[in-house]
Amino acid sequence: MLILLPAVFVLVALLILPLANIALESIRLFVPGHVGAASDAPYTLQNYTELLRPAYLRYFLDTFRISLIASMLALSVGYPIAYYLVRRAGPRLRRIWITGLVALIFLSILVRVYAVALTFGPTGFGTEIAAVLDISPNGGTYLEIMIIAGLMHFLVPMAALSLIATIQNINPRLFEAALALGAARTVAYLTVMLPLSARGILAAFMLCYTFCISAFVIPMVLGKGRVLFVSNLIYSRYGEVGDYPGGAAISIVMLILSVLLVYVVTQAAGSRWEKV
Amino acid sequence: MRLRLARYADDAAHAGAIFIMAAAVVFLVLPLLVAITLSFDARDYLGTFPPPAFSTRWYIRFFSDSYFITGLKFSLVLATVSALVSAAIGVGAAVAIDSYTRHLRNLLTSAFLSPLVVPGVVVGFALLIFYARIGLSDGFLRLLGGHVLVTFPYVLRTTLASLRGIPSSLPQAALSLGANERRAFWTITFPLARAGIVAGAIFAFAFSLDDVAMTLFLTDPHHYTLPVALISMMYANFDLTIAAVAVLLVASTLVLMICLDWLVGLDRVVGAGVYRA
Amino acid sequence: MSDPIVVLRNVTKRYGRINAVDDVSFEVGKGETVALLGPSGCGKTTTLRIIAGFVGPEEGEVLIGGRDMRGVRPYERNIGLVFQDYALFPHMSVAQNVAYGLRQRRFERSKVVQRTADMLALVRLADLGERRPGELSGGQQQRVALARALATNPEVVLLDEPLSALDAKLREELRSELKDILRAVGSTTIFVTHDQEEAMSLAERIVVMQAGAVAQEGSPAEIYGAPRTRFVAEFIGRSNWFSGTLCPAISHGLREFKTRQGVALKVADRDDRAAGGWSLCIRPERVFVRKAADTAPPGAAWDNELPGTVTAVTYLGSEVRYAISLASGEVVSAIERNQDQPLHPPGTPCVICFSSRDSMLVADAG
């Protein structure tokens, strides 16, 4: 159909071709001093193998580790909120909360990161919090904590809203049936509601995790250059060194990881719980 | 005995949930309050919280700096154009996709939503190199391309959701009454899907305005957005001008939200689920 | 039929390897009301949609007003369609809904206004023109849908399960209203239903469909009194069955029927029906139950009596239903109008009685 054409054009011209282009670029040799690969550069896998070196692997591991912590925390906070709003809260409270959460999502990313930096950094309560945890307020660990805090500021609303949708679609009569059969609320919850919302929880987790590993601004501002995520690595490769092939290689790896993540989790969620 | 334990467990869980919610509120709102308070700080340097005296110096600093104002104007223009282009593209795609069978529909939807899966950095980087290769040097067009790519999926998603909510008997009724396919679309389908289209356009506008990761790669000294200007400022000297901007952005977000609620109703944005309470 | 408005000839529609509509033919005359009756999945709705033009048949032809409808789009036909969910446009007022067809066919403005008002008056919703469909009750919505379909004076009005969305009481009320409106307009009507009561009360002719094909076509009396297959007999009204063999005639119009259990019954039938295996159907309303100890009332018209025992009695206010287990083994149901007669409790030895004239013979393979 003709009206599909503009969308197809956008997708092909602005996504598929450029991605193919950097895939190509990533297998060309980079000579330091040049900007990007020379037009006659030979093909090589060097850019990828370089990433296996501990220096770079460390950034990947940092990214995955911090993202995992942040995502799991966000879900543990988001789920009770979502559950309470759907099942226990009155319509007014629910409206206020949802408005607030949606407002937060609309709010500029810079504003939120900056606000977190101000509040939990040295100018805010940073020194006090660090003292309680018995670590240096300027150390790497505290920076990681700040990044997690910054990530959670985004993840909690996302997770809560996503889980609200899931929980709303579970028949409340199932919970009541469990209660009528003698299960206490907590038990009924763990044995009935949780398994049924498993798919939604997995989806929310995936949402959070993919957001985290592609985070750029949050680690950039809160990491102060000392804690880097993979996306920051791409930027430094391009901006500071002009190593396009290197940046391209990291980009391709990031892309494949994101897509794989989406695919794997969807499959896992689908196959295991389909029988329910 | 077991029942009593069960009841204590329930009460404890309930209390725990309330506690988590309260803590969440504090965690989410506190930074904003701190930023807002500090934006009125009278000191001309970044000192510790709380500020000893208040002034509007940072706001004045922001509005008198042509660097920021240029960025702001550019951001607004770019976001508006992106939203409009995305709306046109997204609606067209949604209408086409809605008329296909289930498998093709799912395939196309996944394909067109894929820009959301690609990290912003990767998009920006890929476009930068690609533009260089094909020789596209117009600053505005480069940014427009990137912004449309990452915002039209939002329009597509909300419009598709809207279209799915229209019972198929409605356009069929229009056909049976003498309207051809085109007229049935414009008099029946489009007005009913309008809420979804507008919501999507508003999302497109908001996310375009706010984009940093991709935009950072595609700006140049003559074409830059407000977030990019702020970021470079953050690196240069981390001061409270940004706090002032933050407050302004919070205010405009509220305005945007009110618009969205008035036009579409926020409940619809989130959805009410199949079972109501 | 002279100049029928709607003609279907050998219409077949395939989905994959299944014939949703299988070699269906029938005609509808001007001003007639015909019902397509059958269980869900029998192809009646698909047939309706073929007539409307939303689906094209693989084989056969459809004629409306004498014109071949092959390749003709729904909006190029002059039909009125009432959907099961009414399909009222929620973003338009009632009046705008009714006027929609007139606008699309480019009627001039004054005519549109007049005709809309006429239609709303016809369905007795004259002062609800400015309301939105969402503000109306189910019954009112149904009437708006009807007004909208009739506004353009269509050649044929098609209704898809028009009353199924309403509760029982409302359904009965609206049924007679619907009948009156359609008669007042004099429209040619085809409607689809799974409710045999609806079909019998609204239609002049019924087309009973099963698994995509026409099982039987005729007036309500013909369908009820002379079903051609077991399926039709069971779908319309209730039935008791005896299988057995038809024997040579006893006298003109009267033949002997020997059930499998060996009981001899008298049935009234044509002399030329072949002897052999048949199924005998008696409607429960035509079965009378009397206590074995009682004698038959004077002047009783039945010529068949079978002994048995009452196994269940159900009192339903307007009628009384009995389940009787016959001495020969079959289970029979009888329905009597409630005239405050004394009920026979379960366990009562009784005799069931019916007339040979109420017998209906149906081919053994239903």
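I began with the contact between chains B and C, which takes 15 residues from chain B and 16 residues from chain C. I note at the outset that this is a predicted model.

I then asked which helices of chain B each supply at least two residues of the side that touches chain C. They are helix H7 (169-176) and helix H8 (181-210) of chain B. H7(B) gives the most to that side, with six residues. I sorted the side of chain B that touches chain C by class and got nine nonpolar, five polar and one charged residues.

**Chain B against chain A**

Next I looked up the contact between chain B and chain A. Here 67 residues come from chain B and 65 residues from chain A. On the side of chain B that touches chain A, helix H1 (residues 2-39) of chain B gives the most, with 15 residues. By class I found 56 nonpolar, eight polar and three charged residues on the side of chain B that touches chain A.

**Chain C by itself**

I turned to the build of chain C. Its secondary structure comes to eight helices and 20 strands. The C-alpha trace of chain C spans about 75 × 45 × 35 Å along its principal axes. Chain C has 366 residues, and 38% of them count as buried.

Of the contacts in chain C with a separation of 6 or more, 66% are accounted for by residues 24 or more positions apart.

**Confidence in chain A**

Last I went through the pLDDT of chain A. The average for chain A is 82, and 92% of the residues score at least 70. Which helix of chain A has the lowest confidence, and which the highest? I found the lowest in helix H13 (residues 244-273) of chain A, at a mean of 75, and the highest in helix H1 (residues 5-26) of chain A, at 89. Over residues 271-276 of chain A I noted a pLDDT below 50. Beyond near neighbours in sequence, the stretch 271-276 of chain A has four contacts in the model.

Technical notes: Residues numbered from 1 in each chain as written. Chains lettered and ligands numbered in written order. Predicted model: local features only at pLDDT ≥ 70, side-chain atom pairs only at ≥ 80, totals over all residues. Contact = placed C-beta atoms within 7 Å. Helix = DSSP H or I, 4+ residues; strand = E, 2+ residues; numbered from the N terminus. Nonpolar A, V, L, I, M, F, W, Y, C, P; charged D, E, K, R; others polar. Buried ≥ 20, exposed ≤ 12 C-beta atoms within 10 Å, placed from the backbone. pLDDT = per-residue confidence, 0-100.
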